[in-house]
There are 2 protein chains.
Amino acid sequence: VTEGRPVLLSDVERREALSALPGWIEADDGRTIRKRYTFKAFDGAFGFMTRVALAAERLDHHPEWSNVYNRVDVSLSTHSAGGITALDIRLAKKMESVAREIEG
Amino acid sequence: VTEGRPVLLSDVERREALSALPGWIEADDGRTIRKRYTFKAFDGAFGFMTRVALAAERLDHHPEWSNVYNRVDVSLSTHSAGGITALDIRLAKKMESVAREIEG
């Protein structure tokens, strides 16, 4: 799914993908998906960000995110496509698995 | 300066400290200082964040920050003191030196 130009998901595809991503919500008229992750302390939050940063480089697809101590707010979109593509879903799934491992 | 409870800087002390921190501005009625750092690409921005994260843990004093690709927006305040203390100035100075090294 990362070969070639990323293609916008249809409304149905996007909602189906989101239904498998607990806590993720649509924003910006379906052009962005977001989640707030909360960890025990800063090291959990920044450990999460570090592993996700490596995945983002590998995918060449990067989140918009902010961090305040133990909290990370993430927002994903594929700007070149004007909304959500398979790249966003892949990165969101990676975030879910990293967060699960950190939270233990 | 990190021993004991951090003490609010006076207006004069804060402005003197800021004058040695190019690009840093006051916000929130002098209770916060901010800067936007811009790097060549994501790896510069996240490399900066990683080194600053280690410094923040060492100081037990953490920034509020957000990242979009090559950009990092940082905001510092000592919430327990209700404004800017020597801790914020130390962390800001560390950010300056890390950014200088990354930008080379």
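Before starting, one definition: copies are superposed by least squares on the C-alpha atoms of residues with pLDDT of at least 70 in both. The model is predicted, so local features need pLDDT of at least 70 and side-chain atom pairs count only at pLDDT 80 or more, while totals for chains, interfaces and linings use all residues; side-chain values use heavy atoms, with hydrogens and water left out. Residues are numbered from 1 along each chain as its sequence is written, and chains are lettered from A and ligands numbered from 1 in the order in which they are written.

**Exercise 1. Work out how chain A and chain B are related.**

Step 1: superpose chain A on chain B, and you get a rotation of 180 degrees with 0.0 Å of shift along its axis, at RMSD 0.0 Å.
Step 2: the two copies are therefore related as by a two-fold rotation axis.
Step 3: look at what touches, where contact means heavy atoms within 4.5 Å. The same surface serves both copies, as 100% of the contact residues of chain A recur in chain B.
Step 4: find the residue of chain A that comes closest to the rotation axis; A:S66 does, with its C-alpha at 1.9 Å.

**Exercise 2. Check the span of α2(B), then find its buried residues.**

Step 1: helices (H or I, at least four residues) and strands (E, at least two) are DSSP runs, numbered from the N terminus.
Step 2: the expected span is 1.5 Å times one less than the number of residues.
Step 3: buried means under 20% relative accessible area, exposed over 50%, and partly exposed in between (1.4 Å probe, protein chains only). Among the buried residues of α2(B) are B:F42, B:F46, B:M49, B:V52 and B:L59.
Step 4: their cover comes from both chains, including α2 (42–59) and β3 of chain A, plus β2 (32–38), β3, β4 (71–76) and α3 (86–103) of chain B.

**Exercise 3. Look at phi in B:D60 and A:Y69.**

Step 1: most residues other than glycine have a negative phi.
Step 2: B:D60, which follows α2(B), has a positive phi near 50 degrees. This residue lies in the loop between α2 (42–59) and β3 (64–68) of chain B, and at 59% relative accessibility B:D60 is exposed.
Step 3: A:Y69 also has a positive phi, near 50 degrees. A:Y69 lies in the loop between β3 (64–68) and β4 (71–76) of chain A and is partly exposed at 36%.

**Exercise 4. Find which chains line the second largest pocket.**

Step 1: on a 1 Å grid over the protein atoms alone, a pocket is an open set of points where a 1.4 Å probe fits, with protein on both sides within 12 Å along at least five of seven lines; lining residues have an atom within 4 Å of a point.
Step 2: the lining includes A:P6, A:H61 and A:L87 as well as B:V68 and B:Y69, so chains A and B both take part.
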